[in-house]
Structure formats: C-alpha cells, structure tokens
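Student: I am new to this structure and would like to learn how to read its features one at a time. Could we go through it together?
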Amino acid sequence: MDTRPALLVLQALLLLPVPGSAAPALRFVAVGDWGGVPNAPFHTAREMANAKEIARTVQTLGADFILSLGDNFYFTGVQDANDKRFQETFEDVFSDRSLRNVPWYVLAGNHDHLGNVSAQIAYSKVSKRWNFPSPYYRLRFKIPRTNVSVAIFMLDTVTICGNSDDFLSQQPERPRDLDLARTQLSWLKKQLAAAKEDYVLVAGHYPVWSIAEHGPTRCLVKQLQPLLATYGVTAYLCGHDHNLQYLQDENGVGYVLSGAGNFMDPSKRHQRKVPNGYLRFHYGAEDSLGGFAYVEMSPKEMSVTYIEASGKSLFKTSLPRRPRP
C-alpha cells in the first residue's frame, strides 16, 4: 500500500494554520476615561463607538483581558454595588458577544473617587468580568505556551497624589491621607525591587508625562518616575487626559496614555512642560470618535498599537523585553 498520498495530506494539514496557533503572545486592550454620563442614555456616542471597535478588535486579533485606566463612571462615580450605572454605562455598552468572557481589570480615577470606590471593588462579586480586588494590586501572567512572564501593578494614583477638578485643569495638590499614600508607594517600591518578570508594567489614572490639558502630574514626576527608571519598568499606562499619546524617556520607559474612551480634547497646552524628544505620538482630533491602545506581548517584545474607534491604526511602536538579571 502506497502511504505517500496520506503522508502528503498529513504534511499539508500540519502546514495549515490551526486556529489559536498564532505566535505565542499575551494581548490586551487599554482604555481609559470611558465612563459615559450621569444622565440618560448614560453613555456617549464615543463610548459606544469605542465599545464596538474594541469588540471588533477582540474578535479579529484576540485579547486576554481589558485594562480599565480609570474614570469608569462620570462625573461622580457610583454610590453602591447595585448602582444602575454599572448596567447602563458598562454592561449594556460592552455587550458584544466577543466581549462577554473577556475579563476587565480595573483601577480608579479622580471621578470615581468623587463617588464610592469601594462600591466598584464590591461589584467584582456581582459581575463575572469586572475585576477590582482592592485599590491597588498586582497582576501576573505568562505568555501562553512559554515561560515568559508579565507583571502589571495597578495603582490608585488619586490616593497617592490627591484628587483634582480636572475640568478646571487642576493639578492634584496633596493626598487626603498621607499615610495611605506612603503605604502604597512603599508597597510598589518593594514589589518593583523584587520583580523578576520579563515585562513589568505599571498602570494608574494620572499621567506621569502628558503634553495635553492636564500636563505632567507633578506628584508622579517626583514620586513615581524615579521608581520606573530605577527598577527598569517596561511601560507606564494611564488616562486622565482625553486623547491618545505615546512618550518615551531617556531610560527607555514607555508612557502609554489612553484616555480617549468617552471624550476628545485637542489641547497641547503643556507641550513645553515635557522634556524635548519624549513625545512620539499625540492624537486629539475633536471630530474623532476616540480610541484605545492595543498591546501585544511576545517573547521578544511588547508592541503598542493605537486604534481609533473608526477602526484605523494611528500609530505603532514596540518596547523590548527586560534583560534577565
């Protein structure tokens, strides 16, 4: 019996791409400032457009999770875990079938702090996809089918720096509770010093660097930026300014600002407050429906693509894996 045809068929089958057999990677969406409005219909056209494009991106490119970068509910957060806003601004908007089983990892922004942040934490027990275990926490992942590891440190920058009326372009002046601020920073320092992962990300609501309406957050430039440099952090992800930006400092730390989930602001008023050469990309077109960042981490590098809610790729960059100690 001639087995060659069977072998050729087998060979052909082995060469066909099997679904899910793409190069190993950890993929996620990072979106900030998506929190709708407090009056009917409790969402904006931009939030709806982002939800639709996130769903399409997840369906075509895949995503292991969604990172929420704060200001989850405008303008004054939520009151309790049964607040209707969870349904109206979150569940009913990010309702596409492709998003149903994708977990969200959540942190709080300044508008969330005007309501009850512990209610957002408690909602983790109500929703199977909403994960907000405590005001700040660590996430750990492995890139599928590899030993390459990823750590993400989720911060509460409002507790570190204080609240601010961002519509008056205020800087946060001082934390409400200095002890809580110090405790969180010393936790982060200890965690970063011990982090052996191949990629280390830190995420918070306030930006370290931004050329836009709010500009650099002085408190974070002073207290967080030195930790990112000292401990070789891959990137810092944030929102707060209502646009999309990518900056990179002389230490190679990437700054991914993704705050275009619900509003768009074209302001570049703090361009001179950011060191020369840091800004690589800025998008704040007022007539745009907003957008988000899509991150893909492979064993070799981390790529960041900024996607407009219309589906257009606006900018792509990559950051290397950390050298092994």
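Tutor: Let us begin with a term: buried means under 20% relative accessible area, exposed over 50%, and partly exposed in between, with a 1.4 Å probe and protein chains only. By that rule Asp-71 counts as buried, at 0% relative accessibility. This is a predicted model, in which local features need pLDDT of at least 70 and side-chain atom pairs count only at pLDDT 80 or more, while totals for chains, interfaces and linings use all residues. Residues are numbered from 1 along each chain as its sequence is written, and side-chain values use heavy atoms, with hydrogens and water left out.

Student: Which residues does UniProt list for "binding site"?
Tutor: UniProt positions are given here in the numbering of this structure, with feature names shortened, and annotations may be inferred rather than shown by experiment. The unreviewed entry lists Asp-33, Asp-71, Tyr-74 and His-242 under that name. They span 210 residues in sequence, yet no two of their C-alpha atoms are more than 13.1 Å apart, so they gather at one spot.

Student: Where does Asp-33 lie, and what does its side chain join?
Tutor: Helices (H or I, at least four residues) and strands (E, at least two) are DSSP runs, numbered from the N terminus. Asp-33 lies in the loop between strand S1 (26-31) and helix H2 (45-61), and Asp-33 is buried, with a relative accessible area of 0%. A polar contact is a pair of N or O atoms within 3.5 Å; within protein, one must be able to donate a hydrogen and the other to accept it, and residues adjacent in sequence count only if both atoms are side-chain atoms. Such a contact, of 3.2 Å, joins the side chains of Asp-33 and Tyr-74, and the side chain of Asp-71 makes one with the side chain of Tyr-74 at 3.4 Å.

Student: In what order do the seven strands of the open sheet come?
Tutor: Strands of a sheet pair through backbone hydrogen bonds, either parallel or antiparallel. Two strands are taken to pair if DSSP finds at least two bridges between them. Here the order is S5-S6-S7-S8-S10-S9-S11, with mixed pairing. Strand S5 (137-142) and strand S11 (279-283) stand at the edges, each with a single partner strand, so one side of each is left without a neighbour in the sheet.

Student: How many bridges join strand S9 to strand S10?
Tutor: Five bridges join S9 (residues 244-248) to S10 (residues 254-258), and these strands run antiparallel. Within this pair, Gln-248 has Gly-254 in S10 as its bridge partner.
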